[in-house]
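Subject: A structure to look through

Dear colleague,

I am handing over a structure that I would like you to open beside this message. Please keep it in view while you read, so that you can find each place as it comes up.

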Amino acid sequence: MKRLSGVDAMLLYSETAEIHMHTIKVAVVDLSALPAGLPFPELKKAAYRVLLGLEPLRYRLVSTPGHYHHPMWQENVPIDPDYHIRRAVVAPPGGRRELDRLIGALAAVPLERDRPLWELHIAEGLADNRIAVILKLHHALADGVASANLIAKALREYESLLLADTADRPESIPPVGRLVEGATREHLRQLANLPSLIWRTGAGVGRVWRRSRQRRKSHAPRRPALPPPSFANHVVSPGRRFATASLPLSEAVMVSRKLGVTINDVVLAIAAGALRTLQLRYGGSVDKPLLAGVPASFNKSPTRLSGNEFGYMIPPLPIHIADPIERVRLTSAAAVVAKENFALRGPTLMAEWLAYLPPRFSPAMFRWQSRRLSSGSVMNLTISNVPGPRTTHTLGGARISEIHSVGPLAAGSALNITVWSYVDQLNVSVLTDDLTMDDPHEATQAMTDSFNEIRTAVLASGNSPGAHLSPAAGD
């Protein structure tokens with residue numbers, strides 16, 4: 001058995017009736033190369049064998065007696081295929097919108113905690129002889145990097161996992177006395193580490209403050225101290241709506257090279273343009289940047305399949321800038337500053353402090369927040385950009401044509417934009433509640449329009465690489 005980390009535990013404690021802390025992974029599978037298709041019973045049997053070989057999917061929560069410490073994972077527990085692998089049907093005519101509507105409905109239902117924290121839904125009824133494989137995975141099990149590694153392993157080792165002799169051999173739960181003894185040792189270790197953590201925190205804050213003063217001398221633009229009001233910030237409802245779109249990765253690469261910025265900068269700039277459109281549409285002000293919470297991993301090992309090892313960069317998104325190329329330039333500059341601050345502050349600091357969350361009182365605190373917060377405390381929304389597989393994969397001989405992913409919403413922040421690259425696609429997924437927009441596809445359409453605006457402006461300007469870059473923006 002192993003203890004949940006502070007970040008893992010926070011993602012567990014922060015789950016409420018309004019805030020569901022699972023992530024969604026979607027693979028669209030083209031069956032046209034298989035005359036007999038992939039019948040559900042056959043696919044369910046194969047999926048069970050493959051998923052059994054992914055160790056984190058056999059973890060189950062075990063509470064520490066009296067909530068004396070964070071919960072633990074019991075390893076190698078049984079998987080009930082009839083519970084975990086389910087059949088679903090996409091409503092006619094089986095297009096993107098109908099699939100997205102089904103996924104939104106699945107996203108609105110929390111996972112049961114007395115079993116391993118995941119479900120696999122196989123959705124039939126898609127047009128053009130396709131199915132969708134939808135994995136609902138609790139964030140406490142895996143962050144974006146670990147989830148990508150899990151999916152990569154399942155696809156890369158599909159045949160070997162299918163044939164492997166993997167069996168459920170549940171780990172025994174120690175008696176109460178040993179659980180309490182182990183928790184006490186960990187508490188003592190944390191107390192011993194506290195002085196060092198306080199010193200390193202102070203040193204990190206000092207480094208960021210000194211660097212910020214240096215940037216102010218350049219008269220560069222500064223970010224808001226707090227998230228400004230936006231259409232996406234209010235008390236989040238329990239309902240969920242989901243939308244997807246695909247953008248050409250090759251053209252995003254072209255834009256990044258022409259402007260001398262990263263793909264991540266391009267993704268953030270696309271989001272900035274989309275948020276400008278949506279903010280104007282829903283009557284909000286666009287005179288201040290919005291603050292994006294961008295998860296940043298500090299352990300990108302390709303072999304890590306579980307756990308959460310990330311912090312947040314918080315760059316301002318220049319929705320107040322109408323010119324698309326200038327918006328990219330300022331977004332890139334802000335991302336450079338956010339990345340530098342993340343490194344100066346200490347990438348692991350947030351994760352280390354979360355280890356001290358009190359297990360007995362934290363869930364009640366998060367329940368209070370989820371029912372009252374009308375704005376994110378440090379960011380307006382979450383934006384993730386996860387590199388996915390760059391080669392085409394198959395499932396039982398059928399080509400996987402798209403992969404999408406999205407993370408959860410946060411209290412007071414009813415919008416999550418996740419971009420997951422796959423082969424030659426930038427696949428955009430948007431999750432929101434049922435109050436924020438009339439239609440979640442407004443957000444994906446705004447992302448598409450923003451991308452086209454940037455691409456058109458770049459092609460019209462004939463820029464050479466780096467032509468529009470300037471010194472980094474300040475805090």
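L61 has W73 of strand 4 as its bridge partner, and this pair belongs to a stretch where strand 3 and strand 4 (residues 72-74) run antiparallel and are joined by 3 bridges. Please bear in mind that the model is a predicted one.

A second open sheet has 6 strands in the order 5-6-7-2-14-13, and here the pairing is mixed. Which strands stand at the edges of this sheet? They are strand 5 (85-89) and strand 13 (394-395), and because each has a single partner strand, one side of each is left without a neighbour in the sheet. The partner of strand 13 is strand 14 (residues 398-406), to which strand 13 is joined by 2 bridges in the antiparallel sense; within strand 14, R399 is the residue that stands opposite T394.

Turning to the helices, I would ask you to look at helix 12, which spans residues 362-372 and in which S362, F366 and S370 are buried. Seen down the axis of helix 12, these buried residues fall within an arc of 70 degrees, and they therefore line one face of the helix. Helix 1 (6-13) is included in what covers the buried residues of helix 12.

How do helix 8 and helix 13 lie relative to each other, and what makes the contact between them? The axes of helix 8 (residues 249-259) and helix 13 (residues 441-461) come within 10 Å and cross at roughly 50 degrees, and the two helices are therefore oblique to each other. Their crossing is left-handed. On the side of helix 8 the contact is made by E251, A252, M254, V255, K258 and L259, while helix 13 contributes F451, I454, R455, V458 and L459.

A few single residues also deserve a careful look. R97 lies in helix 4 (residues 96-107), and because its relative accessibility is 41%, which falls between the 20% and 50% limits, R97 counts as partly exposed. If residues up to four places away in sequence are left aside, R97 touches D439 and H441. From R97 to L194 the separation is 97 residues in sequence and 50 Å in space, taken from C-alpha to C-alpha.

In the loop between strand 5 and helix 4 you will come to P93, and the peptide bond that leads from P92 to P93 is cis, with an omega near 5 degrees.

N129 is not a glycine, and yet it has a positive phi of about 55 degrees; N129 is in the loop between strand 6 (118-126) and strand 7 (130-138), and with a relative accessibility of 41% it counts as partly exposed. V423, which is likewise not a glycine, has a positive phi of about 55 degrees, and V423 is placed in the loop between strand 15 (415-422) and strand 16 (425-432).

Notes. Residues numbered from 1 in each chain as written. Predicted model: local features only at pLDDT ≥ 70, side-chain atom pairs only at ≥ 80, totals over all residues. Heavy atoms only, no water. Buried < 20%, exposed > 50% of the residue type's maximum accessible area, 1.4 Å probe, protein only. Helix = DSSP H or I, 4+ residues; strand = E, 2+ residues; numbered from the N terminus. Arc of directions from axis to C-beta. Contact = heavy atoms within 4.5 Å. Pairing = 2+ DSSP bridges. Axes fitted to C-alpha atoms, helices over the stretch in contact; angles between N-to-C directions. Parallel < 35°, antiparallel > 145°, perpendicular 65-115°, else oblique. Left-handed = near helix turned anticlockwise from the far one by under 90°.
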